[in-house]
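The sequence and the model come next.

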Amino acid sequence: MDYKEMEDSYVAPTYGRRDLTIVRGDGCILYDDDGRQYIDCFSNVGVNILGHNVPEYNQAVIMQLSKLINLHGSFYNDKRAEFAKRLLSVCPKDLTKVLFCNSGSESVEAALKFSRLSTGRKEILSAKMGYHGKTFGSLSVTTTNPKYRESFVPLLDDVKHFSYNDAESLRSVISDKTAAVILEPIQGESGIRLGDMRFMQQVREICDEFGALMIVDEVQSGMGRTGKMFAIEWTGVSPDIMCLAKGLAGGIPAGATVINDKVTEKMFPGCHTNTFGGNPLVCAAGIAVLDYIETHNLLKHAEDAGEHFMKRLREMDSPKIREVRGVGLMIGVELKEKATGYIKALQDNGVLAFPSGNLVIRFLPPLTITQEQIDTVVEKFAKVLA
Ligand SMILES: Cc1ncc(COP(=O)(O)O)c(C=O)c1O
């Protein structure tokens, strides 16, 4: 069966495709339809944080599958209650409630709506080169690539942009009309650009000064990816709203918008709902993810493994590399030339990585990747760059 041909015939052509059919995963290894193995340094853009086919996780999901899959948010449920409590226990301390949804874009949509509801103001500010999704609201605050926006205007009114890591630029656009400022702690889609600790603190201060909310988008950087549960923890800043998705339920579609008391105050039943958000299956999966992170000490592992990975990449000392940067297992290697050819060569050598902007090769492996697997990836990368 030619699955590529079938997908090309029947699936809407909205994705740039890689010439590869993946049919199975086990740990940090993916298998194609010919049985060839690949070390997964992609994890579906950071979704499969535990890796693939993980027995403890599977067990928890299967148990819930046979009990109850879906339940509308108008009813109470044991797993939803437990997941909400467990999730909040690992979030920055001022965040006290969670809205469950199904994706990163949805969690951003909710954050934008909640900031208008809470402040009674309209204007949203987002960091240039930030990525927050492709639905109308989230696309309005996404600026990584003009192509994503051009054909879909008009987007939301009252959105302005400021330069990342530049407090003066934020000051030049913020006003008493601003409802919220949204940004990523690490810009994942525009080259793994690290947010400055001082800048994040300044954003918090400036938001407080103008009565605006600070929304931190942890969709890609959250759930242990950087060695802390959330990347913003490295800065000591507590946002008003935090957006989560990707790794939240280890691969089953899940999103969450986590908020503080100030944001909860003006809410009313019906102000924002969705059909599938917080269903018992996804909540059981989310609890299993938190259990696994805790019992396997994955935060420490992600930090140590990331340090080892970056050290080995830097030691390659390749003339083709401009910079290796990242935090934990959110790593970018900026090349002096376009990354695509090297990503394809890595794939041909059994490693799946992916681009972040034109020049950067992004490595987002499952948090369970071993030192041995990292060493193999680095050896193959050295071969590809040689
Ligand atoms: C930081 C960030 N926010 C939001 C999104 C959108 O998430 P989704 O694709 O699940 O809608 C992404 C997706 O890559 C992301 O990286």
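## Helix α9 and its surroundings

Helix α9 is followed by G211, whose phi is positive, near 70°. The model is a predicted one: local features are reported at pLDDT of at least 70, side-chain atom pairs only at pLDDT 80 or more, and totals for chains, interfaces and linings use all residues. Residues are numbered from 1 along each chain as its sequence is written, and side-chain values use heavy atoms, with hydrogens and water left out.

Helix α9 spans residues 197-210, 14 residues in total, and covers 20 Å from its first C-alpha to its last. That is close to the 20 Å expected at 1.5 Å a residue, where the expected span is 1.5 Å times one less than the number of residues. Helices (H or I, at least four residues) and strands (E, at least two) are DSSP runs, numbered from the N terminus. The buried residues of α9 are F199, M200, V203, R204, I206 and C207. Buried means under 20% relative accessible area, exposed over 50%, and partly exposed in between, with a 1.4 Å probe and protein chains only. These buried residues of α9 pack against β6 (159-162), α8 (167-173), β7 (178-183) and β10 (213-217), contact being heavy atoms within 4.5 Å.

## Strand β7 and its partners

Strand β7 is mostly covered, with six of its six residues buried. It pairs in the parallel sense with β5 (residues 123-127) over four bridges, and E123 stands opposite T178 in β7. Two strands count as paired if DSSP finds at least two bridges between them.

Four bridges also join β7 to β10, and these two strands run parallel. Here L183 stands opposite V216 in β10.

## The sheet β13-β14-β17-β16

Four strands form an open sheet in the order β13-β14-β17-β16, with antiparallel pairing. β13 (321-327) and β16 (354-356) are at the edges with a single partner strand each, so one side of each is left without a neighbour in the sheet. On average, neighbouring strands of this sheet are turned by 30° against each other, direction ignored. Strand β14 (residues 330-335) is joined to the antiparallel strand β17 (residues 360-363) by four bridges, and the bridge partner of G332 in β17 is R362.

Helix α14 (residues 371-385) packs on the sheet and touches β13, β14 and β17; its direction makes about 165° with that of β17. Helix α12 (residues 298-315) lies across β13, β14 and β17 and runs at about 175° to β13. For these angles, axes are lines fitted to C-alpha atoms, for helices over the stretch in contact, and angles run from 0 to 180 degrees between N-to-C directions.

## Salt bridges

The structure holds 23 salt bridges, each a side-chain nitrogen of Lys or Arg within 4 Å of a carboxyl oxygen of Asp or Glu. One of them joins the side chains of R86 and D291 at 2.8 Å, N to O. This pair links distant parts of the chain, with R86 in helix α4 and D291 in helix α11 (residues 280-295), 205 residues apart. D291 is partly exposed, with a relative accessible area of 34%.

The side chains of R362 and E189 also meet in a salt bridge, at 2.8 Å, N to O. R362 is in strand β17, and E189 is in the loop between β8 (186-187) and β9 (193-194), 173 residues apart. R362 is buried at 2% relative accessible area, while E189 counts as partly exposed at 23%.

D348 and K344 form a salt bridge of 3.0 Å, N to O. Both lie in helix α13 (residues 340-348), four residues apart, about one turn of the helix. D348 counts as exposed at 54% relative accessibility, and K344 as partly exposed at 42%. Elsewhere, R204, D208, D240 and K262 are linked in a network of salt bridges.

## A buried arginine without a salt bridge

R80 lies in helix α4 (residues 78-90). R80 is buried yet has no salt bridge, and the nearest side chain of opposite charge, D78, is 8.6 Å away. In this count Lys and Arg are positive and Asp and Glu negative, while His and the chain ends are not counted.

Which residues is R80 in contact with, leaving aside its neighbours within four places in sequence? They are L71, H72, G73, F75, F100, G278 and C283.
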